[in-house]
Amino acid sequence: MADAPSVPAASGPGSGVASAEWLAGGSGGADRLARLLPAALRGMAAGTAERGGPVPAGGPAAVAATLARGQSSGLARHGVGAEQALEELSALLAAGSADPADPACAAHLHCPPLAVSVAADVVASALNPSMDSWDQAPVASEIEREFTTGLARLCYPDAARPDAVVTSGGTESNLLGLLLARESGVTRPVCGANSHHSVARAAWLLGLPAPVVVPCVDDRMVPSALAEALAPLGAQAVVVATAGTTNTGRIDPLPEIAEICRRTGARLHVDAAYGGLALCSETLRSRVAGLELADSVALDLHKFGWQPVAAGVFCARGEADLQALTVRAEYLNADDDTEAGLPDLLGRSLRTSRRPDAFRMAVTLRALGTSGIGALVERCCANASGVHAMVEGHPALRSWGAPELSTVVFRPVVADELPGLTGDDLVAQVRRTLLEDGIAVIGRGALPTGPDGASQLWLKLTLLHPHTEPADYRALLDAVATVAADPRMNVSRESPVAS
C-alpha cells in the first residue's frame, strides 16, 4: 500500500517553493484536504469564540488594531506552513467577521449558508473547473445546464423553451435584463422609486438614459403611474419591477404591471433577487404571482437559498433572448468545435473565467428539494410576522407595517418626539452604537413617511435565519429601545463607522 500523502505543513517555515503535495486536486488531493481542513476549522472555532457575538466590537479602529497586532495577513519572505497559516488567518477572519448565523446579525440580505452548500463549495474549489469552455468543465457544465433549466422552468412553467444563466448576483442579473432589452431594440428603462440601485447603474453602464422613475405607495410601484409613464414610450420601454424590495421586502403588483406592459408593448424584467424563491413554497408562491409573465427574472440564491456569495441566476422566458450573449473566441468556442457538438459555455455569461457556482446550488436543491427550500422561506417569513407582532406590542418601538416577506421595519418612538432631522440622527446613531459595541448588526432605510412625504430613517431586520424563533429577537428589540432612550446619546456625534 502506498504511503498516505504528507500534510502540506511538513514543508514548514522557510521551505521555499511548495511541493506537489500542496495541490488540492489530483491523486491524493482529497486526503490532503481532509488533513488540512481541521486546522482551518480549529481557527474558525477559536475566532468565533474570541468574537463572542454577532460582530467584533470597537468599529474599524479596533479591527485595524487587531490586524496590526496579529501581523498575520501581510506578505512575508518565508512561509510558516499550511496548517499554521490556515489556523492563524482563519481565527483572525472569524474573530473579525459579522456572523449571519447569529440572530443579532440581521441587517442585510446576507444569509447564513447551509453546511451542505459550503461542503460542496470545497469540492468545487478543489477541482476548479473553469466555466468558460467545455474542455475545462465537462460534467460541471452539464450539472449547470440541468440546474439552470430547472430554475428557468420554475419561473416559467408554461413557456416553451425557457432558459437561465448563472450570474454573480442581482446586480449582474439586472444588468443582463437591461442589456438583452437593449439588444432587442428597447432603449428606455422605467422602474419604481423602490427599485434597487443596480438598475440605474446598469443603465449608466450600458449607455442608456437614466431610468424614468415611477412613484410608489407602501413601497410598491403604482400601476396607474406606470401606465402614465409608458404612454409616450410604448415599445421603447423596459420596465423593471421588484419582487422583494431591499428596504421593506415589498412586492410590486406584478399581474397589473405585466398587463400594462402587454398593452403598451413594453418589455418587463422583474428583479426577484429577494423574493423569487418564494416560488418553492406552495403557501407563499401566490405572493409572486405574475412573475411568469415577465420577459426576464433575476433570482439570487445567496438570499432565500442559503448559499455562500455569489449565487445569482438570470432567467429568460425564451432561450433565444440569451443568444445576444454569444461571443466567439477561437481557443474557447471555435465554430468547428460547437458544430461537432461541444457545448458553448462562453456565450453563457458576461464573464470569461468563472467558478462552478451552480454546483453547490445544485447539491443544495438535490439535498432539500424545492419543497425543503420552500419550508425554509416559510419559516423566515413566519419569523418576520412574529417579530412584527412583538414590535407592535413594544411600548418603545413603532412598526412601519406588516412584513410581506422577511423584513421587519421599525423605529424608536423617542425618535418621533425629536424635532426635524434630529429624529433621523438618533435612529442612525442607535444603529452605529449597537454595531460599534458588538451588540447587533441591524439595517437602515429611508422611507417617505415624514410630513408631506418627506424622507424618514427607519431601522430594519432582514430575517434570513430559518432556525430561529421570534423570541430569539426579543433581546435585540429591547437593545434598540434601551440605546435609543439612553440620555447619554448625543445625536450630533459623528461615528467612524459608515452608516
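Let me start with a term. A salt bridge here is a side-chain nitrogen of Lys or Arg within 4 Å of a carboxyl oxygen of Asp or Glu. Now the ground rules. This is a predicted model: local features need pLDDT of at least 70, side-chain atom pairs count only at pLDDT 80 or more, and totals for chains, interfaces and linings use all residues. Residues are numbered from 1 along each chain as its sequence is written, and side-chain values use heavy atoms, with hydrogens and water left out.

Salt bridges, then. The structure holds 25 of them. Take Arg 355 and Asp 121. Their side chains meet in a salt bridge at 3.2 Å, N to O. Where do the two partners sit? Arg 355 lies in the loop between helix 11 (335-339) and helix 12 (357-392), and Asp 121 in helix 4 (residues 115-127), so the pair ties together parts that are 234 residues apart in sequence. A word on how these elements are counted: helices (H or I, at least four residues) and strands (E, at least two) are DSSP runs, numbered from the N terminus.

Are these two residues buried or exposed? The cut-offs first. Buried means under 20% relative accessible area, exposed over 50%, and partly exposed in between, with a 1.4 Å probe and protein chains only. Arg 355 has 35% relative accessibility, so it counts as partly exposed. Asp 121 has 15%, so it counts as buried.

A second pair is Glu 142 and Arg 145. Their side chains meet in a salt bridge at 2.6 Å, N to O. These residues are three apart in helix 5 (residues 138-155), so about one helical turn separates them. Glu 142 is partly exposed at 35% relative accessibility. Arg 145 is partly exposed too, at 41%.

Arg 328 is partly exposed at 45% relative accessibility. For Asp 335 the value is 45%, again partly exposed. There is also a network. Salt bridges that share partners join Asp 121, Arg 355, Asp 357 and Arg 360.

On to the strands. Two strands pair if DSSP finds at least two bridges between them. Look at strand 7 (residues 267-271). Five of its five residues are buried. On one side sit Arg 267, His 269 and Asp 271; on the other, Leu 268 and Val 270. Which strands does strand 7 pair with? Strand 6 (residues 237-242) runs parallel to strand 7, joined by five bridges. Ala 241 stands opposite Val 270 there. Between those two strands, the chain passes through helix 9 (residues 254-264), and this β-α-β crossover is right-handed. That term means that, with the strands pointing away from the viewer, the path from the first strand over the helix to the second runs clockwise. The other partner is strand 8 (residues 296-300), parallel as well, over three bridges. In strand 8, Val 270 has Val 297 as its bridge partner.

Now strand 9 (residues 312-316). Why call it enclosed? Five of its five residues are buried, so the rest of the structure largely encloses it. Gly 312, Phe 314 and Ala 316 face one side, and Val 313 and Cys 315 the other. Strand 9 pairs antiparallel with strand 1 (residues 163-167), over five bridges. Five bridges also join strand 8 to strand 9, again antiparallel. Ala 316 is the bridge partner of Asp 163, and also of Ser 296.

Next, helix 6 (residues 170-183). Of its 14 residues, 11 are buried, so the rest of the structure largely encloses this helix. Among the buried ones are Glu 172, Ser 173 and Asn 174. Just after helix 6, Gly 185 takes a positive phi of about 95°.

Last stop, Tyr 331. Tyr 331 sits in helix 10 (residues 330-333). At 65% relative accessibility, it counts as exposed.
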